[in-house]
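Please look over the sequence and the model shown below. The paragraphs that follow walk through some of the features in turn.

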Amino acid sequence: MDDKSNKLLLALVMLCLFGVIVLQYVCPGTECQLLLRLHAGLGTSSSAGGAEAFSGGGGDPYRAEDGTLSRFVPRFHFSEDELRRAVDFNIKGDDVIVFLHIQKTGGTTFGRHLVRNILLEQPCECRAGQKKCTCLRPGKKETWLFSRFSTGWSCGLHADWTELTNCVPALMDITTEPTPQKPRRNYYYITILRDPVSRYLSEWRHVQRGATWKASLHVCDGRAPTPSELPTCYSGDDWSGCMLADFMDCPYNLASNRQARMLADLSLVGCYNLSVMGEEQRSRALLESAKRNLKEMAFFGLTEFQRKTQYLFERTFHMRFISPFTQFNSTRATSVEVEPETQRRIRELNVLDVELYEYARDLFLQRFQSARQQEHREARRRRQQERRQLQRSRLQWVRQEEEEEEEELAWGQEENSTGGDYMGNVERWRR
């Protein structure tokens with residue numbers, strides 16, 4: 001009896017192992033698209049971007065992030081067109097989403113959402129052991145997404161706005177020339193920003209562990225910077241083990257004001273040639289260019305507001321994510337204990353990023369407010385239309401009832417008239 005029990009237990013264990021192997025084969029990525037699509041299909045039927053899509057039925061899912069909207073007071077004025085971002089993205093046509101991935105902003109997580117977590121007619125194909133996924137348009141052998149996890153670093157490692165806007169159209173249109181029948185394709189640029197102090201500390205910890213971005217091209221005006229224009233902060237293969245003080249002391253450290261620089265048009269300031277203009281003039285030009293480019297992008301999100309980022313992306317592109325974004329408040333940057341004086345110095349080193357982030361945060365929250373208000377107005381209009389339709393149905397029912405009552409009354413009168421005529425005839429026959 002014990003032998004039979006042991007054999008049965010062994011058979012069950014082998015069956016479970018076989019099931020795990022099969023599941024890994026069928027769903028090689030971190031998330032099984034088939035199961036996720038089934039979950040989405042069984043879930044809510046609300047429109048893309050609706051709060052109900054990932055609220056879990058427990059009230060407003062956005063207030064739980066940090067209650068920002070309850071105390072948010074706008075500082076900048078934006079027009080209605082600047083706040084309402086909705087693009088007519090045609091995934092079956094020629095449109096392309098271009099993701100500008102700034103280091104240590106949570107771009108890796110967002111990039112994975114783009115290739116693994118969007119509900120699509122033809123999902124991206126992600127294979128185990130491969131960093132890139134194949135994201136093709138339905139019925140075409142052409143990609144709709146230009147990003148690290150779809151096309152790789154085709155324009156250079158962490159290419160910035162200057163590089164992408166010159167490189168991507170040249171790469172995507174290399175085999176096709178625009179014609180009246182096939183106009184030039186639309187490129188929708190998107191990015192993610194992060195609190196400058198947290199981002200700076202995260203990059204320092206990343207570099208401290210031995211990471212480098214030496215493969216970055218930094219191409220501007222058709223050429224890469226010379227060693228004298230862009231010196232390095234270390235002499236060896238990497239800067240592993242560097243102290244925070246050394247990281248801050250290097251005047252050539254690209255970690256400083258990285259977000260503003262990567263979003264600006266560097267051609268306006270002479271690229272990496274610092275002798276073209278004074279430092280103050282260059283800083284102002286970089287910041288204004290970065291703000292302008294950010295505002296004109298199809299979409300940008302903030303690492304500190306994952307749910308709002310998901311919501312605005314869905315509203316902008318009329319796409320829907322399968323699973324909700326997760327807000328991680330505990331990161332390597334938050335685990336670093338930094339003295340107030342050190343934080344102050346980091347903010348000074350990143351003064352352009354600090355001002356850019358304040359501008360971006362204000363614009364982001366205003367866009368979120370505007371989108372939510374528009375959603376509520378649309379829901380109110382739908383309810384009003386439903387009530388009007390119900391009222392019309394009721395009026396039609398009342399009229400139908402009245403008409404039937406009138407028909408019954410007329411029929412009764414006709415019956416009485418017919419009965420009177422019949423009795424009169426009977427009396428005449430008796431005579």
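**A walk through the model**

K104 lies in the loop between β1 (96-100) and α5 (107-116). Helices (H or I, at least four residues) and strands (E, at least two) are DSSP runs, numbered from the N terminus. K104 is not a glycine, yet its phi is positive, at about 60 degrees. With a relative accessible area of 22%, K104 is partly exposed. On this scale buried means under 20% relative accessible area, exposed means over 50%, and partly exposed lies in between (1.4 Å probe, protein chains only).

This is a predicted model, in which local features need pLDDT of at least 70 and side-chain atom pairs count only at pLDDT 80 or more, while totals for chains, interfaces and linings use all residues. Residues are numbered from 1 along each chain as its sequence is written, and side-chain values use heavy atoms, with hydrogens and water left out.

Most residues other than glycine have a negative phi. N257 sits in the loop between α8 (244-249) and α9 (258-263). Is N257 buried or exposed? N257 is buried, since its relative accessible area is 15%.

Next comes the chain as a whole. The chain has 13 helices and 4 strands. It has 431 residues, and 42% of them count as buried. Contact here means heavy atoms within 4.5 Å. Among contacts between residues at least 6 apart in sequence, 74% join residues at least 24 apart.

Some individual residues show what such contacts look like. L83 belongs to helix α4 (residues 80-83), and L83 is buried, with a relative accessible area of 15%. L83 and L363 are 280 residues apart in sequence, but their C-alpha atoms are 7.5 Å apart in space. Not counting residues up to four places away in sequence, L83 touches F78, L363, Q366, R367 and S370.

N90 is partly exposed, at a relative accessible area of 39%. N90 and F317 are 227 residues apart along the chain, and 9.2 Å separates their C-alpha atoms. Leaving aside neighbours within four places in sequence, N90 is in contact with D95 and R137.

Beyond residues up to four places away in sequence, Y187 touches V96, V98, V168, P169, M172 and D173.

T191 lies in β3 too, a strand that covers residues 187-193. T191 has 0% relative accessibility and therefore counts as buried. Which residues is T191 in contact with, leaving aside its neighbours within four places in sequence? They are F99, L100, I102, L263, L294, M297, F299, F300 and G301.

Two helices can be followed as a pair. Two packed helices are described by the angle between their axes and the distance between the axes. Axes are lines fitted to C-alpha atoms, for helices over the stretch in contact, and angles run from 0 to 180 degrees between N-to-C directions. The axes of helix α7 (residues 196-208) and helix α12 (residues 340-349) come within 10 Å and cross at roughly 95 degrees. Helices α7 and α12 are therefore roughly perpendicular to each other; angles under 35 degrees count as roughly parallel, over 145 as roughly antiparallel, 65 to 115 as roughly perpendicular and the rest as oblique. On the α7 side the contact is made by V197, Y200 and L201, and on the α12 side by I346, R347 and L349. By class, this contact has 5 nonpolar, no polar and 1 charged residues. Ala, Val, Leu, Ile, Met, Phe, Trp, Tyr, Cys and Pro count as nonpolar, Asp, Glu, Lys and Arg as charged, and the others, Gly among them, as polar.
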